Amino acid sequence: KAILGTDWLPGTLLVLGATTFYYVGFSLWVSVAKPILTKRIGKARFIMISEFLVSIMWFGVGMSVRAFCLTVRVIPFVSEDVLPRWVTTSIGAVLVVTGLFFKGWACTLTGFNSYFLRDMLTDIPNTHFVHSSLYSVFRHPTYTVGYLQALGLAIYYRSVEGCIAYAYIQMCILLFVHLVEEPFIERTYRKTKHEEGGKAKGDERLKSE
């Protein structure tokens with residue numbers, strides 16, 4: 001039965017706010033706020049504030065999807081006669097574990113500096129190179145297969161709205177990659193490596209995401 005929980009507004013605002021704050025907000029943070037704040041408060045203090053914001057962004061997105069799935073019930077899910085609950089529970093759990101596994105694998109390969117966007121915040125290229133393994137298959141593993149846990153939560157809770165939230169998150173991620181991260185890789189790694197006569201870092205899947 002389709003219902004709208006009494007707490008639907010906080011969950012909806014949380015998923016929209018957390019995702020927008022992450023990808024739109026961080027894009028503005030590194031492109032607009034960074035040059036201004038770096039001059040006013042110094043690079044060290046800017047990095048300290050940025051690391052705090054990054055940790056909040058990642059925690060907020062994960063928490064918001066779960067809250068959204070639990071509180072918003074407007075669109076009916078597929079009937080249990082057609083798709084039993086044990087099936088969606090199993091699929092959801094597998095996707096959550098798979099997403100976390102790939103995200104952890106990517107972080108292990110690239111190291112924390114890349115994973116936590118430190119090169120983007122400091123404009124200092126990382127020296128940790130990843131030539132193969134997961135990055136030979138996925139260019140941005142934590143942004144793609146690494147986010148399967150969000151879809152898994154939606155399926156686990158049999159939430160159509162959760163699936164929509166997952167699609168919105170992926171849309172924001174792709175915009176962030178296209179508008180911010182790829183230009184940064186081109187500017188910081190590919191251009192530098194070409195000038196040095198070497199391979200481009202982006203071509204070797206050196207960026208964490």
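Is phenylalanine 138 buried, partly exposed or exposed? Phenylalanine 138 is partly exposed, at 26% relative accessible area (buried is under 20%, exposed over 50%, partly exposed in between; 1.4 Å probe, protein chains only).

## Basis

This is a predicted model: local features need pLDDT of at least 70, side-chain atom pairs count only at pLDDT 80 or more, and totals for chains, interfaces and linings use all residues. Residues are numbered from 1 along each chain as its sequence is written, and side-chain values use heavy atoms, without hydrogens and water.

## Aromatic pairs

The whole structure holds eight aromatic pairs (ring centres of Phe, Tyr and Trp, the last by its six-membered ring, within 6.5 Å; planes under 30 degrees apart are stacked, over 60 edge-to-face, the rest tilted). Phenylalanine 26 and phenylalanine 176 form a tilted pair, 6.0 Å centre to centre with 55° between the planes. Phenylalanine 26 lies in helix H1 and phenylalanine 176 in helix H7 (residues 160-196), 150 residues apart (helices are DSSP runs of H or I, at least four residues, numbered from the N terminus). Both residues are buried.

Phenylalanine 102 and phenylalanine 138 pair edge-to-face, at 6.1 Å and 70°. Phenylalanine 102 sits in helix H3 (residues 85-110), while phenylalanine 138 is in the loop between helix H5 (118-122) and helix H6 (148-156). Phenylalanine 102 counts as buried because its relative accessibility is 17%. Ring pairs join Phe101, Phe102, Trp105 and Phe138 into a cluster.

## Charge over a ring

The charged end of lysine 103 sits over the ring of tyrosine 147, 4.3 Å from its centre (NZ of Lys or CZ of Arg within 6 Å of the ring centre and within 35 degrees of the ring normal).

Technical notes: Helices (H or I, at least four residues) and strands (E, at least two) are DSSP runs, numbered from the N terminus.
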